[in-house]
Amino acid sequence: MLRIYNTLTRRKMKFVPANDKEAKMYACGPTVYFYAHIGNLRTYVSEDVIRRTFIHRKYSVTFVMNITDVGHLVGDGDVGEDKVASSARTQHKTAKEIADFYTKIFTDDCNALNVMAPDIEPKATEHITDMINLIGILEQKGYTYSAENGLYYDTSKFKNYGELTGTNFKELNEQLKSGARVERVPGLRNITDFAVWRLSKPEQKEMIWETKWGKGFPGWHIECSTMSMKYLGNHFDLHFGGVDHIPIHHTNEIAQSDAAVGSRVVNYWMHMEFMVVDGTKMSKSLSNIYTMKDITEKGYDPLELRLLFISSHYRQLMNFTFDALDAASKSLSGIYSFLSRMADVTNVVENPDTADFKKKVGSIKKAFFKELDDDINTPNALARMHELIGEANARLASAKLNKKEARTVTRTMLEFDEVLGLNLAQHAKRKKTKLGKEVMTLIKEREDARTAKNFTKADEIRKILKEKHHVVLEDTNAGLRWHVE
Ligand code: AMP
Ligand code: ZN
């Protein structure tokens, strides 16, 4: 039974799909005005592991993730310039050039991290008509009003406003009044009100559309309401995003979607905790924002980063350090060489306790997926995987592990990887190393020396094979085995 933490109810809940065995999910995608940083990427990897867990649990999953190429303002709220437009201005490019450029890099980053491509990846700029229609419904239902710079949503009209934050309309407005964050827009009825349609300034020449409310562009929150419902329907299962989206973006999305439909649209809201670097918030002034390029240029494999991301729980604040990345890097090569060792097992001796060993593997496998069922507990699941590695290694060290058992272990590891996504399959194949003629002759000479009980000569040849040819010989009950180091 899959249990997940629902921000809406602030507790772990059993997942019950809206429709039998379906899991419809929406993730807030990137705002494509700059490179994604490793904090953003951790959020997408966490969402990928959640998605893979549902797939492994045989749900029929539809995963939609949008691309925000318009409407997200620099301040996240209703002030400041559009992020994409601002980037276009400073880089002397068109908004489309900027969006296409950073979308491509984002896709490459996700591919490198083995994040599965979304089933549907709608772009905001391609759904303006749908957004206008949704705004029309809200207007018709009396939720909107005109203010100086656009059409606004009156948050006092939505009964459960703020539910996602664990507070309510009144409290949120009080909190914001005392905070310095709000820059007041003239004509606003409540501090929590937000634009569904923003009027453009005369100097803005691109990414503007003509509507009955005036020339402008959509609010960021209306984008996600529109695209999620367009592709997943008026009632769907799961919505993901970073924790920063709880108080504004998702709170406002709920207000729009639920008001337009007249009932609850999303059943489960899941939020990914933030990443900090060396204990501090990532910021340009501290030069501690790392992109994928920064990481790979230092020689790390993106999958080492993926392993680091999933080593902590998605609801835990993650502190990024290069020491931690080094540890993940070491751990991943350990896992890879373990799989190569399993592939190289040639021992075919039947073990009397093989059933016991397989039973143990089976129970570790069960425990691994049970950890994931418990709100996607990846660190505990990884610990179970290491338990399996430990068991298999111990059996290998006592020269007991046979080929069939090694295959069971490998199969189990690969099943784990359906969720972990560490590309284990490519390391689980036996390396078809062919030994050269010289090596083969040496092996034969050593065998002859052993048969003649000339152990000194046999050991000398073994040493030459290891030091000069990196071929390691092992004498087992099942005969001679070798592997290349
Ligand atoms: P954005 O492109 O700014 O909309 O952010 C993309 C995703 O990354 C969103 O789901 C954000 O909530 C998330 N995010 C932003 N900053 C961080 C961070 N420091 N750590 C983890 N996730 C983040
Ligand atoms: Zn969103």
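Which polar backbone atom is 3.1 Å from an oxygen atom of ligand 1? In this predicted model, the atom in question belongs to glycine 242, whose polar backbone atom is 3.1 Å from that oxygen atom of ligand 1.

| Residue (backbone atom) | Atom of ligand 1 | Distance |
|---|---|---|
| Glycine 39 | nitrogen | 3.2 Å |
| Glycine 242 | oxygen | 3.1 Å |
| Methionine 275 | nitrogen | 2.9 Å |

Taken alone, ligand 1 exposes 490 Å², and the protein buries 90% of that area.

**The shell around the ligand**

There are 16 residues around ligand 1, and those that come nearest are Gly39, Thr43, Tyr44, Asp244 and Met275. Sorted by class, this shell has nine polar residues, five nonpolar residues and two charged residues. Helix H1, which spans 38-56, and strand E9, which spans 236-242, each supply at least two residues of the shell, and the largest share, four residues, comes from H1.

**The pocket that holds it**

Ligand 1 sits in the largest pocket, which has a volume of about 1,100 Å³. The lining of this pocket is made up of 38 residues, and Tyr33, His37, Asn40, Lys83 and Asp244 are the ones that lie nearest its centre. Among the elements of the chain, those that give two or more residues to the lining are H1, helix H2 (83-91), helix H3 (95-112) and E9. Here too H1 provides the largest share, with six residues of the lining.

By class, the lining of the largest pocket has 16 nonpolar, 14 polar and eight charged residues.

Terms used. Residues numbered from 1 in each chain as written. Chains lettered and ligands numbered in written order. Predicted model: local features only at pLDDT ≥ 70, side-chain atom pairs only at ≥ 80, totals over all residues. Heavy atoms only, no water. Near = heavy atom within 4 Å. Polar contact = N/O pair within 3.5 Å; in protein donor to acceptor, adjacent residues only side chain to side chain. Areas by Shrake-Rupley, 256 points an atom, 1.4 Å probe, with all protein chains shown as cover. 1 Å grid on protein atoms, 1.4 Å probe; cavity = no way out; pocket = protein on both sides within 12 Å on 5 of 7 lines; lining within 4 Å. Sits in = over half its atoms within 2 Å of the grid points. Nonpolar A, V, L, I, M, F, W, Y, C, P; charged D, E, K, R; others polar. Points joined across faces, edges and corners; volume = space filled by probe spheres on them.
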